[in-house]
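Trainee: I have just opened this entry and would like a guided tour. Could we go through it together, one topic at a time?
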Amino acid sequence: MITHPAYTVEPWCLRESELDLDVLEQSESVFALANGHIGWRGNLDEGEPHGLPGTYLNGVFEFRPLPYAEARYGYPESGQTIINVTNGKVIRLLVDDEPFDLRYGRLHRHERVLDFRAGVLHRTVEWTTPSGRTVRIRSTRLVSLTQRATAAIAYEVEAVDEEVRIVLQSELVANEQLPKREGDPRVSASLGAVLQHEEDFVQDSRLRLVHRTARSGLRMAAAADHLIEGPPGTSTSAESGQDLSRLTVTSLLRPGQRLRVEKTVAYGWSGVRSLPAVRDQVDAALAGAASTGWEGLLAEQRGYLDAFWARADVELEGDTEIQQAVRFALFHVLQAAARAEERAIPAKGLTGPGYNGHCFWDTETYVLPMLTYTAPHAVGPALRWRHTTLPAALERARQLGLAGAAFPWRTIDGDECSAYWPAGTAAFHINADIADAVVRYTAASDDLVFEREAGLELLVHTARLWFSLGHHDPHGVFHVDGVTGPDEYSAIADDNAYTNVMAQQNLRAAADAAERHPDLAASLGVDDEETAAWRDAARRIVLPFNKELGVHEQSAGFTSHQVWDFAGTPADGYPLLLHFPYFDLYRKQVIKQADLVLAMHLRGDAFTKEEKARNFAYYEPLTVRDSSLSAGSQAVIAAEVGQLRLAYDYLGEAAMMDLANLERNTRDGLHIASLAGTWTALVAGFGGMRHHEDTLSFAPRLPEQISRLAFAVHFRQRCVRVDISQQQATYTLLAGTELEIHHHGSLLKVTKDTPCSGPLPAVPDLPEPQQPPGRGPARRRWADHD
Ligand code: BGC
């Protein structure tokens with residue numbers, strides 16, 4: 001299934017055993033290293049060839065104009081784009097005056113290994129120059145999870161059979177030329193040279209460049225220092241210009257001799273701090289890393305990841321590809337979030353410039369649920385970031401004539417960047433998604449400090465938004481009209497079911513939180529009358545239902561729209577958004593991504609078992625999955641309604657999204673929500689985990705292809721391990737005090753000394769629903785047996 005011919009299936013790493021330049025861009029995303037603050041794409045050390053050079057700092061962006069042919073009131077005035085900042089990865093190599101470039105000479109060996117436990121990218125190369133000199137190169141790269149401003153590389157070159165003169169150029173490069181990409185709204189805008197020089201500096205083996213963005217006014221500094229080990233006679237020199245600082249190391253290597261460079265790179269940025277302050281910040285980061293040393297950085301990285309895997313690992317027997325893919329997914333989601341610390345978690349993490357580096361609802365609806373139960377320390381800061389953007393959201397709501405806060409559909413710094421309002425501003429559900437993440441995190445973590453400092457305000461202002469966006473009809477029924485739900489092939493619809501059930505939860509949660517914190521709520525102007533009004537709206541909010549068909553409507557009237565002509569749509573007409581006008585998509589029954597199906601997962605308590613089965617059967621033949629967010633959610637409900645084989649296929653799609661480049665745009669960055677969706681498909685799908693209010697429940701059922709699934713869940717200072725076989729599930733309390741859980745509806749008490757078990761019920765043999773022609777998930781082979 002992995003299309004890269006040279007990736008091997010291994011449980012704890014991703015190994016590329018030979019270089020294929022045709023998939024170079026894709027591999028740069030897959031081999032990206034990040035810590036949520038710094039992102040380094042997996043570009044080759046020597047800089048070229050490259051698909052897309054990429055170095056990102058979370059929150060460093062430039063404004064870009066959003067020109068409108070017909071501007072209207074309330075359209076955002078400017079967009080934001082993540083920028084490629086100063087590249088500290090580059091180590092060029094000359095062997096007897098010939099540049100090390102894999103397109104020339106002879107490549108005997110090229111291997112890259114992304115090690116999920118060590119948190120490093122290893123590379124091993126053996127190469128002969130066009131004139132016949134052979135060298136071995138080994139590099140190891142890390143972006144530190146413990147020292148968030150720091151990245152480092154150990155680079156070693158060895159002469160193989162003849163004496164060679166080696167020149168290494170270790171660089172900091174700003175304003176790299178980037179390849180131009182156009183024609184796909186999902187790629188990033190290209191802005192040219194955006195970094196304006198402020199200072200450059202070299203001394204001994206130390207380099208530093210300071211730049212500033214012209215319009216967003218952000219100052220960033222990159223600094224590097226080096227430790228060099230080579231045979232006697234090894235010498236260095238350094239030089240610097242506006243966009244390039246360079247340390248040159250020369251050495252004469254006899255066969256078997258090595259030159260080794262340890263390069264530490266530090267990054268800092270600020271919108272307010274002075275040049276000396278930002279400069280000092282990177283120098284201090286270098287000093288910190290120097291005192292830790294390369295071995296120390298490696299040890300810290302492993303320690304951080306040991307702790308993560310002890311909490312978060314998912315073990316699976318019966319499918320080694322999925323086993324590898326879920327660890328790849330967990331690793332990359334962690335990298336996107338670990339040290340984001342009150343900055344956004346973008347849809348692509350820091351692995352590429354896709355979607356201009358914007359953060360969407362992907363964070364709260366897909367990424368944070370996984371982190372809440374596996375790495376809760378990363379969730380509070382992510383939601384606190386949303387809280388820091390509250391002033392912009394309050395202002396946006398005011399501009400739109402609404403109460404409360406209207407959070408942006410896509411953004412970097414909190415301002416709305418979506419120029420396409422039907423699938424932007426109108427996607428008001430993002431506000432309920434943020435509230436959902438607040439509710440989940442608060443209930444799962446008992447982080448009352450967060451609730452007091454940020455959670456309550458987020459809930460109150462989003463509840464106010466719903467109350468002012470909706471209205472009571474003459475019969476008292478509460479409606480939310482003219483909004484876009486998760487399915488972006490329908491827009492400006494009335495009473496989107498997903499939006500309404502999520503808003504319902506938002507309104508209730510705000511009232512509950514206000515009652516828990518009456519003084520704080522009063523300071524926000526909340527009184528009993530307001531909470532009563534929220535509760536009343538929540539009670540009366542409509543969930544559209546077609547009685548004749550016996551199914552919920554995705555939005556009012558949806559089931560009476562004409563059905564899209566699936567039979568007449570050619571295979572290359574997908575994704576539909578690139579080949580058909582939105583006006584036509586909007587008036588037909590065709591669904592881009594899980595919408596009502598997602599509602600049945602997140603608000604499973606609002607639907608009966610029979611409704612879930614009927615709704616799933618109705619919406620499957622209409623859902624084309626033109627978004628990578630969909631498969632994981634469809635897997636969850638497929639598993640719940642007993643369609644285990646189908647759930648397994650959807651799991652495969654979510655899991656292989658980037659490893660197999662299924663949407664053919666992995667080069668622009670990884671699909672972080674889909675990666676998180678792999679965990680969700682396993683834990684909420686086959687593990688059947690649900691968390692509604694204070695209740696944690698499991699309804700495990702495994703497809704025949706998976707013989708065992710085990711994972712841990714963090715819940716209210718406890719850690720519960722769930723181990724599922726084809727016959728039973730066993731729950732063990734690894735940490736914390738006794739906990740009550742539900743297993744297929746029966747109450748179990750999990751205590752420290754006594755694991756408890758429950759049987760897995762038989763799964764009914766049901767006919768499988770069909771997807772639109774050609775749009776079913778790939779039938780997953782039974783990897784270990786077929
Ligand atoms: C999806 C959105 C998603 C965005 C970023 C779009 O294709 O329809 O739901 O937020 O991609 O991942």
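**The ligand and its surroundings**

Mentor: The shell around the ligand consists of five nonpolar, two polar and three charged residues. Here Ala, Val, Leu, Ile, Met, Phe, Trp, Tyr, Cys and Pro count as nonpolar, Asp, Glu, Lys and Arg as charged, and the others, Gly among them, as polar. Please keep in mind that this is a predicted model, in which local features need pLDDT of at least 70 and side-chain atom pairs count only at pLDDT 80 or more, while totals for chains, interfaces and linings use all residues. Residues are numbered from 1 along each chain as its sequence is written, and side-chain values use heavy atoms, with hydrogens and water left out.

Trainee: Which residues are around the ligand?

Mentor: They are Y355, F360, W361, D362, W409, E488, K592, Q593, S627 and L629. A residue belongs here if one of its heavy atoms lies within 4 Å of the molecule.

Trainee: Which polar side-chain atom lies 2.6 Å from an oxygen atom of the ligand?

Mentor: That atom belongs to D362. For Y355, an N or O atom of the side chain is 2.9 Å from a ligand oxygen, and for W361 a polar side-chain atom lies 2.9 Å from an oxygen of the ligand. A polar contact is a pair of N or O atoms within 3.5 Å; within protein, one must be able to donate a hydrogen and the other to accept it, and residues adjacent in sequence count only if both atoms are side-chain atoms.

Trainee: And how much of the ligand does the protein bury?

Mentor: The protein buries 93% of the 310 Å² that the ligand exposes when taken alone. These accessible areas come from the Shrake-Rupley method with a 1.4 Å probe; for residues, only the protein chains shown count as cover.

Trainee: Changing topic: what is the strand order in the open sheet of ten strands?

Mentor: The order is β1-β2-β10-β11-β12-β13-β20-β17-β16-β15, and the pairing is antiparallel. Strands (E, at least two residues) and helices (H or I, at least four) are DSSP runs numbered from the N terminus, and two strands pair if DSSP finds at least two bridges between them. At the edges stand β1 (7-8) and β15 (195-203), each with a single partner strand, so one side of each has no neighbour in the sheet.

Trainee: How many bridges join β12 to β13?

Mentor: Nine bridges join these antiparallel strands. Within that pairing, V143 has A151 of β13 as its bridge partner.

Trainee: What about the sheet that contains β33?

Mentor: That open sheet has four strands in the order β28-β29-β33-β34, with mixed pairing. Its edge strands, β28 (690-692) and β34 (746-750), each pair on one side only. Strand β33 (residues 739-743) pairs with β34 in the antiparallel sense over five bridges, and I741 has L748 in β34 as its bridge partner.

Trainee: How many salt bridges does a search of the whole structure find?

Mentor: The search finds 62 salt bridges, each being a side-chain nitrogen of Lys or Arg within 4 Å of a carboxyl oxygen of Asp or Glu. One of them joins R148 and E341, whose closest N and O atoms are 3.6 Å apart. R148 lies in the loop between β12 (134-143) and β13 (150-159) and E341 in the loop between α3 (320-337) and α4 (362-374), so the pair ties together parts that are 193 residues apart in sequence.

Trainee: Where is P49 found?

Mentor: P49 is in the loop between β4 (38-40) and β5 (55-57). The peptide bond from E48 to P49 is cis, with omega near -5°.
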